[in-house]
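Visitor: I have a list of questions about how structural terms are applied. Could you take me through them?

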Amino acid sequence: MRANSVPESSYGILLRDQTNSPFEAAAEEVRNLGYAVVDSGFTSAEITEIAKAFDAARNLYIAKYGEERLSSIDELNTVRSMLTQENEIFRRIALNDNLLSTLKLIMSGKFIINQQNGIINPPGKKYNQGAWHRDLPYQHFVSSRPLAVNALYCVDDFTLENGATFVLPASHKSERFPSDSYVQKNAMQVQSKAGSYIVLDCMIFHSGGFNSTLSVRRAINHVYNIPFFKQQINLPANVCADHFTSDEREILGFNYVEPASVEDYLRKREAVKK
Ligand SMILES: O=C(O)CCC(=O)C(=O)O
């Protein structure tokens, strides 16, 4: 045994979790610690293509909505609903196999995507995600199983220097935000490679860090939740259903659009029965 090696033997333990895949291992970490890193499996060519697509999408977005307008509402460092843009690469990031395999182990039952947003952590500046929050903000309950999970796709490497996301491990299990001294002692940064997802229980307190490099740190944030929460932006109204398999349509929320009337509700029930 080496000094400081983690003991492998145990006694007095009757119940033990087992993991047989990287996805099960990530799900166990999210359950216990509130966060994990999952590899997307994208090739390095795809990772580069995503980084280029991100910049192109951001430029189009700013051209469409206007820099001044976005700045005035603190939206300049966010690109809302990337998967509704023409480039299908953003839908592939939201529906990535490795990610979905992990999410299925974390959230039992059905889930849908709530939102997909590009995030820019600018060099040397404050930005809207650089503050402690939950991804179900203003909520102070604890649930025995996750209601929502965040998957932050790393467009760039996340490093200590460029403000890799800070987390407060296991804080998804406590209702209240802890004291300043607790935060200072227990906060840690999740370093990860471009092409990976940082998967968070949405109730973990987290924050972007200060980017002290000269380059932006880019990410694409996703929130997936049980189908009882409404989407940030109505995705079925903004993407074409034909491009997707029925499982993908379900995740995009096509099966959970609110019925417009009792008649509509009954018709939907009849369609499911057929
Ligand atoms: O920029 C980051 O590292 C954190 C992003 C974040 O907190 C969020 O999207 O909810």
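The talk below sets values against definitions.

Guide: This is a predicted model, where local features need pLDDT of at least 70, side-chain atom pairs count only at pLDDT 80 or more, and totals for chains, interfaces and linings use all residues. Residues are numbered from 1 along each chain as its sequence is written, and side-chain values use heavy atoms, with hydrogens and water left out.

Visitor: Why is Ser81 called buried?

Guide: Buried means under 20% relative accessible area, exposed means over 50%, and partly exposed is in between (1.4 Å probe, protein chains only). Ser81 has 7%, so it counts as buried.

Visitor: And why is Tyr138 called exposed?

Guide: Tyr138 has a relative accessible area of 81%. The cut-off for exposed is over 50%, so Tyr138 passes.

Visitor: What makes the phi of Ser81 worth a remark?

Guide: Most residues other than glycine have a negative phi. Ser81 has a positive one, near 55 degrees. Tyr138 also has a positive phi, near 70 degrees.

Visitor: Where is Ser81 placed, and where is Tyr138?

Guide: Ser81 is in the loop between β2 (78-80) and α4 (89-94). Tyr138 is in the loop between β3 (112-121) and β4 (148-154). Helices (H or I, at least four residues) and strands (E, at least two) are DSSP runs, numbered from the N terminus.

Visitor: How do you know that Arg92 and Glu46 form a salt bridge?

Guide: A salt bridge needs a side-chain nitrogen of Lys or Arg within 4 Å of a carboxyl oxygen of Asp or Glu. The closest N and O atoms of Arg92 and Glu46 are 3.3 Å apart, so the pair qualifies. Arg92 is in helix α4 and Glu46 in helix α2 (residues 44-65), 46 residues apart, and the pair links distant parts of the chain.

Visitor: What makes Glu46, Glu88 and Arg92 a network?

Guide: Salt bridges link them. Arg92 pairs with Glu46, and Glu88 pairs with Arg92, again with closest N and O atoms 3.3 Å apart. Arg92 has 31% relative accessible area, so it is partly exposed. Glu88, at 39%, is partly exposed, and so is Glu46, at 22%.

Visitor: Why is Glu75 called buried, but its partner Arg80 partly exposed?

Guide: Glu75 is at 16% relative accessibility, under the 20% limit, so it is buried. Arg80 has 22%, so it falls in between. Their closest N and O atoms are 2.9 Å apart. The structure holds nine salt bridges.

Visitor: Why are β6 and β8 called edge strands?

Guide: Two strands pair if DSSP finds at least two bridges between them. The open sheet has the order β6-β5-β8, with antiparallel pairing. β6 (188-189) and β8 (206-207) each pair on one side only, so they are edges.

Visitor: How exposed is Tyr265, and where does it lie?

Guide: Tyr265 lies in helix α8 (residues 262-273). Its relative accessible area is 43%, so it is partly exposed.
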